[in-house]
Amino acid sequence: MIVYHGSNQVVQNPDVRHSNRALDFGKGFYVTTVKEQAVRWAKRKKLLFHGTAILNVFEMNAISTDLKFKDFGEDLPGWIKFVCDCRDGGADYLQYDIIKGKVADDKVFRVVDMFHSGVWDINRAIEEIKAYPTFDQICFVTQDAIAKILSFMNYEEV
């Protein structure tokens, strides 16, 4: 499977150490199967950190059975609670090597924030999230997971 990572630099050798803050699925190296999403991330990083908008392309092999993999799929309640915990600095993500699920982009994160702050209950938050188009993200939490299944293919300026 082809996956993408948007950046302001070429990332031939991804590593989890360069993750500077906890995101939706904690600290790790993030990729997506959606090229347009990665291009947006690259352009955003270029604006924030300067440089060039770079789309890094990787081959992601099948996940080996010795890796701990969490796929939220359509488990929106579980996903929302997990994202809130990670954004609060929780460490539950560390029990996995790879985590896959939806992206809490700006619009979706507003919904998550409304749930997190107690304004909306989980059912209202789920209904709101369903109204927005969603994209996927895959977080490589451990370096071992990257080494076993992710291979750099090429990059392009976008």
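Predicted model: local features only at pLDDT ≥ 70, side-chain atom pairs only at ≥ 80, totals over all residues.

Reader: Ok, which backbone oxygen does the side chain of serine 117 reach?

Author: That of methionine 114, at 3.3 Å. Serine 117 is in the loop between α3 (106-116) and α4 (122-130); helices are DSSP runs of H or I with at least four residues, strands are runs of E with at least two, and both are numbered from the N terminus.

Reader: And how does serine 117 count for accessibility?

Author: As partly exposed, at 48% relative accessibility. Buried means under 20% relative accessible area, exposed over 50%, and partly exposed in between (1.4 Å probe, protein chains only).

Reader: Switching to aspartate 97: where is it?

Author: In the loop between α2 (76-87) and β5 (98-102). Aspartate 97 is buried yet has no salt bridge, meaning a side-chain nitrogen of Lys or Arg within 4 Å of a carboxyl oxygen of Asp or Glu.

Reader: Which side chain of opposite charge is nearest to aspartate 97?

Author: Lysine 68, 5.9 Å away. Lys and Arg count as positive, Asp and Glu as negative, and His and the chain ends are not counted. The side chain of aspartate 97 does reach the backbone nitrogen of lysine 68, at 2.6 Å.

Reader: Nice. How many aromatic pairs are there?

Author: Six. Rings of Phe, Tyr and Trp (its six-membered ring) pair if their centres lie within 6.5 Å; planes under 30 degrees apart are stacked, over 60 edge-to-face, the rest tilted. Phenylalanine 29 and phenylalanine 58 have ring centres 5.7 Å apart and planes at 80 degrees, so that pair is edge-to-face.

Reader: Are phenylalanine 29 and phenylalanine 58 buried or exposed?

Author: Both are buried.

Reader: Which residue lies over the face of phenylalanine 135?

Author: Arginine 40, at 4.9 Å from the ring centre. A charge sits over a ring if NZ of Lys or CZ of Arg is within 6 Å of the ring centre and within 35 degrees of the ring normal.

Key. Residues numbered from 1 in each chain as written. Heavy atoms only, no water. Polar contact = N/O pair within 3.5 Å; in protein donor to acceptor, adjacent residues only side chain to side chain.
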